[in-house]
Amino acid sequence: MKEWFKGFGKFIVGFLLISAVLTGGHKVYVLCKAWSSVDSVTAANVTMDNFLKIKLGDSYDSVCKIMGGEGIVANMSDPYGRGLSFTASWCGGVKGLQPKYIIVGFNNDKRAESLVQLGLGEASGIAASAYKNINLGISYTTACALSGGSGCLNTVISSAYGSAEPADENLKRPFVQIYTWENGWGNGFQLTFFEGRLTKKRKIYFGSLDEYRAIEALGYVF
């Protein structure tokens, strides 16, 4: 009988472990990916304060100076035969099971034309009726007034994004901005502004938009 109980116990433990892997495998993958991306030299600099210091039009060297070192370079391309455009990312580790990232897209002249942050936002109070009272076409200022506070900036894309020879004034002017409002439970909503006016809104349930907004911010959903 003891042997049977031992065997049954092993079965239960094995079943639970397999279930945990199957249900949490993606989280584990995200966690391991975050750890493998962390650079001990720059990890402590992956903060919201530093993200807000980076401006559209900044050079790669100036961004590296803010971040305290070079980022991981990827997505290199040469669409116009004028040089390489690329993204550089800095990972600050793990917040729960969510990595902290600052991702900056640079054009052929190594100047920032898109900014994305993941996992750096702070929870903020949201008026219970805010979402239903927010209508498309309003400004960010109006959205803040209706929400009872400022949103957390997730993404900025330059007006010169994708241009072969962007004018300096276009490079520094944003045409897409994405903000998120969340409460302490990770619920809330995300608003997308195009040239200063709200063009898209959607709810967030328990942070379920975290991965999706990264895909959208990198240009695959617009």
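1. Start with Ile102. Setting aside residues up to four places away in sequence, Ile102 touches Val46, Thr47, Phe51, Ile54, Met67, Ala88, Ser89, Trp90, Val116 and Leu120. Contact here means heavy atoms within 4.5 Å.

2. A word on the source. This is a predicted model, where local features need pLDDT of at least 70, side-chain atom pairs count only at pLDDT 80 or more, and totals for chains, interfaces and linings use all residues. Residues are numbered from 1 along each chain as its sequence is written, and side-chain values use heavy atoms, with hydrogens and water left out.

3. Next, the core. A nonpolar core is a set of buried Ala, Val, Leu, Ile, Met, Phe, Trp, Tyr and Cys residues joined through side-chain atoms within 4.5 Å. Buried means under 20% relative accessible area, exposed over 50%, and partly exposed in between, with a 1.4 Å probe and protein chains only. The largest core has 33 residues. Ile102 is among those with the most contacts inside it, along with Trp90, Val104, Phe106, Leu115 and Leu191. Helix H3 (residues 60–67) gives the largest share of this core, 4 residues. A second, separate core has 5 residues, including Cys91, Tyr101, Val116 and Leu118. In soluble globular proteins, nonpolar side chains tend to be buried together.

4. Now the overall picture. The protein has 7 helices and 8 strands. Both are DSSP runs numbered from the N terminus: helices are H or I with at least four residues, strands are E with at least two. Of the 222 residues, 40% count as buried. Take the contacts with a separation of 6 or more: residues 24 or more positions apart account for 53% of them. The protein exposes about 12500 Å², and carbon and sulfur atoms supply 60% of that. Accessible areas come from the Shrake-Rupley method with a 1.4 Å probe; for residues, only the protein chains shown count as cover.

5. Why is strand S5 (residues 152–158) described as largely enclosed by the rest of the structure? Because 7 of its 7 residues are buried. S5 pairs with strand S4 (residues 112–118) in the antiparallel sense over 3 bridges. Two strands pair if DSSP finds at least two bridges between them. Val116 has Thr155 of S5 as its bridge partner. S5 also pairs with strand S6 (residues 174–182), again antiparallel, over 6 bridges. There, Cys152 has Thr180 of S6 as its bridge partner.

6. Two cysteines deserve a look. Cys152 is buried, at 15% relative accessible area. Cys64 is buried too, at 9%. How many disulfides are there? The count is 0, where a disulfide is a pair of cysteine sulfur atoms within 2.5 Å.

7. Glu113 lies in strand S4. Is Glu113 buried or exposed? Glu113 counts as buried, at 9% relative accessibility. Leaving aside neighbours within four places in sequence, the contacts of Glu113 include Leu56, Phe106, Val156, Ile157, Ser158 and Tyr161.

8. Last, Asn50, which sits in helix H2 (residues 48–53). Asn50 is buried, at 10% relative accessibility. Beyond residues up to four places away in sequence, Asn50 touches Asn45, Ile66 and Met67. Asn50 and Met67 are 17 residues apart in sequence and 7.1 Å apart in space, C-alpha to C-alpha. The side chain of Asn50 reaches the backbone oxygen of Asn45 at 2.7 Å.

How values were computed. A polar contact is a pair of N or O atoms within 3.5 Å; within protein, one must be able to donate a hydrogen and the other to accept it, and residues adjacent in sequence count only if both atoms are side-chain atoms.
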